[in-house]
Amino acid sequence: MTSVIRHLDDFRWDGVPVLNYKEEGTHFKAISRQVLFAGGPKLGAELRYFEIEPGGHSTLERHDHIHSVMIIRGAGHCLVGDAIHPIAINDLVYVPTMTWHQFRATGGQPLGFLCLVNLERDRPERPDEKAVAHLRAVPQVAEFIRL
Ligand code: MN
């Protein structure tokens, strides 16, 4: 691997492809993924950069693996558990195991963040009807979530 990868401009890095957030689905909107560090046998973690365009959102999901997130562009809001938080540059977001979460670029600007995850991770779970009803019991959450 190259020792130094240049930041080009506008949160793009030399030789790092801008990928789809996920393979397919309608449960997310206007979000891209770049794998900055792919990890390996000596580093069991991956560092990704996600960017959500204004009005877009990540999947509402939960899973056993955890996320350590640092906002590095723009601003927005996130759901973690049953609370909505405003987030902006340099804020840190910790998503514990099996905790519902969703990121949205709610303002007129993109929301870009680094996300550190374990290299080996379980498949995300999306909320069933019962879980959605439970989430919607909190009015602020009901208004926020996108399915
Ligand atoms: Mn997740």
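**Figure 1. Salt bridges across the whole structure.** Search the whole structure and you find five salt bridges. Keep in mind that this is a predicted model.

**Figure 2. Arg-73 and Asp-10 pair up through their side chains.** The N-to-O distance in this salt bridge is 2.8 Å. Arg-73 belongs to strand 4, while Asp-10 sits in the segment before strand 1 (19–20), so the bridge ties together parts of the chain that are 63 residues apart in sequence. Asp-10, at 46%, is partly exposed.

**Figure 3. Arg-73 also makes a salt bridge with Glu-51.** Here the closest N and O atoms are 3.1 Å apart. Glu-51 comes from strand 3 and Arg-73 from strand 4, so this pair ties together parts 22 residues apart in sequence. Buried or exposed? Both Glu-51 and Arg-73 are buried.

**Figure 4. Glu-125 and Arg-62 form a salt bridge between two loops.** Their closest N and O atoms are 2.9 Å apart. Glu-125 is in the loop between strand 8 (111–118) and helix 1 (129–136), and Arg-62 is in the loop between strand 3 and strand 4, so parts of the chain 63 residues apart in sequence are tied together. Glu-125 is partly exposed, with a relative accessible area of 33%. Arg-62 counts as partly exposed too, at 23%. Back at Arg-73, shared partners join the salt bridges of Asp-10, Glu-51 and Arg-73 into one network.

Figure 5. His-67 in strand 4 (residues 67–80) and His-101 in strand 7 (residues 101–104) link distant parts of the chain, 34 residues apart. Both of these histidines are buried.

**Figure 6. His-65 and its contacts.** Look for His-65 in the loop between strand 3 (45–57) and strand 4. With a relative accessible area of 9%, His-65 is buried. Its side chain makes a polar contact of 2.7 Å with the side chain of Asp-122. Leaving out residues up to four places away in sequence, His-65 touches Thr-97, Val-117, Arg-121 and Asp-122.

How values were computed. Residues are numbered from 1 along each chain as its sequence is written. This is a predicted model: local features need pLDDT of at least 70, side-chain atom pairs count only at pLDDT 80 or more; totals for chains, interfaces and linings use all residues. Side-chain values use heavy atoms; hydrogens and water are left out. Helices (H or I, at least four residues) and strands (E, at least two) are DSSP runs, numbered from the N terminus. Buried means under 20% relative accessible area, exposed over 50%, partly exposed in between (1.4 Å probe, protein chains only). A polar contact is a pair of N or O atoms within 3.5 Å; within protein, one must be able to donate a hydrogen and the other to accept it, and residues adjacent in sequence count only if both atoms are side-chain atoms. Contact means heavy atoms within 4.5 Å. A salt bridge is a side-chain nitrogen of Lys or Arg within 4 Å of a carboxyl oxygen of Asp or Glu.
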